[in-house]
Amino acid sequence: MKRKIVITGAAGFIGSHVIRLFVNKYPEYDCYNLDNLTYAGNLENVKDLQDKPNYHFIKGDITDTEFIEKLFQQHRFDGVIHLAAESHVDRSIADPLCFIRTNVLGTANLLNAARNLWKDDMEGKRFYHVSTDEVYGSLGAEGYFTEKTAYSPRSPYSASKASSDHFVRAYFHTYGLPVVMSNCSNNYGSHHFPEKLIPLAINNIRHNQPIPVYGKGANVRDGLWVDDHARAIDVIFHKGRLGETYNIGGHNEWSNLDLIKLLCRIMDRKLGREEGTSEKLITFVKDRAGHDLRYAIDPTKLRDELGWEPSLQFEEGLEKTVDWYLANQEWLDHVTSGDYQKYYEKQYQGR
Ligand code: NAD
Ligand code: DAU
């Protein structure tokens, strides 16, 4: 079946993996990458797709209500996979309003445009909203987030994502918009912007710079290989039940300190450095405000209903991630030039 799908934020980290999967797996779909190319959006992430006949790029801002409305009327999309967002917790602490604009207003604009376009015929239409496990708040040492866990966001980022999730459900219940959602754990892999812990540490180790670990490094995250996330989005988009949420995660829990130590050992080996060299770069710095202690996903519903399983364990995935960054140092050099330096100084100096 010929379908016109708009994938928002597909010049970013996860979106670029999702659109690559869709463009290559479904040549009969027309895939539109709608992205405003903020600091996090980079067309280098999708340069292998630019000559494919079923790939199209539209530069545009999801917070621009009129533009989004016209775009939907013009292209008459029949599927939306919505990833565009401000995604970094530390930036949300510095500038919460920007997160409200993009993540809440931007999502509402897309929902509204889809509702206006599809109101007379919802058959075969689908609005997929990509969300995060952070909406559930912070776990103690025990337990997992399930789809029934009450929302308890604690950062401006997670509060803005929680709010957008509520709007998506409201459009399902109020207008019958055919929505489906997922809440995913921490992704890692290629094309990850080096403001996030793993690529930041890889870049700093490469340059023999301190690796900033917040607090004592005891916070726990549940790592998921980004292509496993993309595969989950594919299966949920096509087979997920309307109005439902699916939690995506791989039971890969690591404390930040253990993760960084593993990364240091891998980097020492790959760079031909004596074992223990990179670990000396670990520097404990002032903790993140309101730092969530632990996230951990229970993916039972997704596995039992739709048969999804993660394909990679963390050690193997991290090794592949390091290989990608070492083979693509030019990419890292491009994204860390210019504004990145200013961001880095502001975020880490005097911490
Ligand atoms: P990212 O920051 O790497 O990419 C975001 C993309 O959105 C960029 O290409 C950016 O240019 C674009 N964008 C931002 N504002 C826009 C606007 N106003 N109009 C149009 N485009 C805009 O983010 P990511 O890590 O790839 O995350 C993608 C989505 O997945 C987000 O919704 C995020 O909340 C969610 N998510 C991320 C993770 C993770 O571990 N990174 C985990 C779970 C869920
Ligand atoms: O859980 C899903 C979320 O994962 C996504 O929704 C977010 O978009 C994504 O950014 C990620 O959020 P985190 O805050 O968990 O990721 P980050 O890489 O920023 O931080 C991971 C952990 O490492 C966290 O406990 C904070 C810590 N950290 C982070 C940075 C940037 C450090 O110790 N030092 C750092 O310099």
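Me: How many strands form the open sheet, and in what order?
Reply: In this predicted model, seven strands make up an open sheet, ordered β3-β2-β1-β4-β5-β6-β11, with parallel pairing; strands are DSSP runs (E, at least two residues), numbered from the N terminus, and two of them pair if DSSP finds at least two bridges between them.

Me: Which strands stand at the edges?
Reply: β3 (55-59) and β11 (245-248) do, each with a single partner strand, so one side of each has no neighbour in the sheet.

Me: And what does the twist average?
Reply: From one strand to the next it averages 20°, where axes are lines fitted to C-alpha atoms, for helices over the stretch in contact, and angles run from 0 to 180 degrees between N-to-C directions.

Me: Over how many bridges do β6 and β11 pair?
Reply: Strand β6 (residues 179-184) pairs with β11 over four bridges in the parallel sense, and Met181 stands opposite Thr245 in β11.

Me: Which strands does helix α4 lie across?
Reply: Helix α4 (residues 96-118) lies across β1 (3-8), β4 (79-82) and β5 (126-132), running at about 165° to β5; helices are DSSP runs (H or I, at least four residues), and contact means heavy atoms within 4.5 Å.

Me: Switching topic, which residues divide the cavity lining into nonpolar, polar and charged, and how many of each?
Reply: The lining of the largest cavity has two nonpolar, three polar and four charged residues, with Ala, Val, Leu, Ile, Met, Phe, Trp, Tyr, Cys and Pro counted as nonpolar, Asp, Glu, Lys and Arg as charged, and the others, Gly among them, as polar.

Conventions. Residues are numbered from 1 along each chain as its sequence is written. Chains are lettered from A and ligands numbered from 1 in the order in which they are written. This is a predicted model: local features need pLDDT of at least 70, side-chain atom pairs count only at pLDDT 80 or more; totals for chains, interfaces and linings use all residues. Side-chain values use heavy atoms; hydrogens and water are left out.
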